[in-house]
Amino acid sequence: MTTGDRTTMLGDDLTVSAMGFGAGALTSIYGEVDDAESLATLNHCLDLGVTFIDTANNYGAGDNERLIAELLDHRRDEVTLATKFGMVSNSADQAAGQRPVRGDAGYVRRCVDESLARLRTDVVDLYYMHRRDLTVPIEETVGAMAELVWAGKIRHLGLCEVTADELRAAVAVHPIAAVQSEWSIWSRDVERQVVPTAAELGVGFVPYSPLGRGFLTGTIRSAADLSSPSDFRHTMPRFADGALEVNLAVVDVLMRVAWEQAAMPAQVALAWLLHRAEALGVASVPIPGTRRASRVEENLGSLSVTLTPEQLIDLDAAGAAVAGNRTDDLTWVSAGRE
């Protein structure tokens, strides 16, 4: 693999590998996990040059950070480590009736110490506010995060699912290295305001679910794959009756372009996303997640895919026709607050 040594500079002079890894895939939320297999996948990431590793304090109620600690014990110097705070998952907090998102200064300070202990490291390279606490001014949350930089506990600040106005307010307090939001050919709402603002302010963008939740990350290729009572329809409007067939049409275009490129559909989807970010003038590093080491290499191969102008036109048109919102509760993401 000749693309593993490529890097991208996000905001605040943070340089990371040109492809990242979303470690949330290595949690039980997607089914049973084998820690030995997960650790092998993480090590394979580093072997290939995928060194930008993304986790969060609520992934597996802290278990994901503990898993990554096993990697850091031996290879900390190779990893650009990102983790998050803000989504309350502690069972005691929930039992006490705490709101699901917190951004108050005391909570920020508490969470970073807990994450550092689980990760068994003394500094986090990129620390994200996972979701916006609408009861707390964003200036307070970012101000508390800035104090952690001055204390040497974190190196760079990141924000997840913020609006353009929230991003502007945050940058006025402290430089922001990256915004992380869902962005893929199926999910393009961030292109309206957040991405252009990030480009204007020199903030990088880290798309999560860059392969579309369910569309290319699993085995979903047709309506028949969504026939069980526990399918995605219950939580994802883009899989609802009526929208599903429209949105699966994107897969058909990806399949055709992949055949033309002698590539995999996931590689085409990632290549399109990287081209779209470049066209909008923002430095971007997707963080696809997988449990299989072979998929890491496949995703990295997207950096070698050069789409033709005709293919880009077809993919853009397919993405523009996607139906349905990406979540039932739009206040949870930037799209619902813009």
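**Group meeting: a walk through one chain**

Okay, let's start at Val179, which sits in strand β8, residues 178-182. Helices (H or I, at least four residues) and strands (E, at least two) are DSSP runs, numbered from the N terminus. Residues are numbered from 1 along each chain as its sequence is written, and side-chain values use heavy atoms, with hydrogens and water left out. And please remember this is a predicted model, where local features need pLDDT of at least 70 and side-chain atom pairs count only at pLDDT 80 or more, while totals for chains, interfaces and linings use all residues.

So, is Val179 buried or exposed? Val179 is buried, because its relative accessible area is 0%. Buried means under 20%, exposed over 50%, and partly exposed in between, with a 1.4 Å probe and protein chains only. Leaving out neighbours within four places in sequence, Val179 is in contact (heavy atoms within 4.5 Å) with Leu159, Val162, Leu167, Val194, Val203, Gly204, Phe205 and Val206. Leu157 is 22 residues away from Val179 in sequence, yet the two C-alphas are 9.1 Å apart in space.

Let's zoom out for a second. The protein chain has 12 helices and 9 strands. Of its 338 residues, 57% count as buried. If you take the contacts with a separation of 6 or more, 76% of them join residues 24 or more positions apart.

Leu48 belongs to helix α1, residues 35-48, and counts as buried because its relative accessible area is 14%. Asp5 is 43 residues from Leu48 along the sequence, but C-alpha to C-alpha they are 8.1 Å apart.

Thr83 is found in strand β5, residues 80-85, and with a relative accessible area of 0% it is buried. Beyond four places in sequence, the residues Thr83 touches include Thr55, Asn57, Glu65, Ser115 and Tyr128.

Then there's Asp54, in strand β4, residues 52-54. Asp54 has 2% relative accessibility, so it counts as buried. What does the side chain of Asp54 make a polar contact with? The partner is the side chain of Lys84, at 2.6 Å.

On a 1 Å grid over the protein atoms alone, a cavity is a set of points where a 1.4 Å probe fits but cannot get out; a pocket is an open set with protein on both sides within 12 Å along at least five of seven lines; lining residues have an atom within 4 Å of a point. A volume is the space filled by probe spheres set on the points, which are joined across faces, edges and corners.

The second largest pocket holds about 310 Å³ of space. It has 17 lining residues, and the closest to its centre are Arg6, Ala271, Leu274, His275 and Glu278. Helix α10, residues 265-279, gives the largest share of that lining, 5 residues.

As for cavities, there are 2 of 30 Å³ or more. The second largest cavity is about 40 Å³, and the residues lining it are Met19, Gly20, Phe21, Val50, Pro288, Val296 and Asn299. Both β3 (20-22) and α11 (293-300) supply at least two residues of that lining. While we're at α11, its buried residues are Val296, Glu298, Asn299 and Leu300. The buried residues of α11 pack against β3, α1 and α10.

Last stop: backbone angles. Most residues other than glycine have a negative phi. Asp12 has a positive one, near 55 degrees. Asp12 is in the loop between β1 (7-9) and β2 (15-17), and its 29% relative accessibility is why it counts as partly exposed. Ser209 isn't a glycine either, and its phi is positive at about 50 degrees. Ser209 lies in the loop between β9 (204-208) and α8 (212-216). Which way does Ser209 go, buried or exposed? Buried, because its relative accessible area is 18%.

That's my tour, thanks!

Terms used: A polar contact is a pair of N or O atoms within 3.5 Å; within protein, one must be able to donate a hydrogen and the other to accept it, and residues adjacent in sequence count only if both atoms are side-chain atoms.
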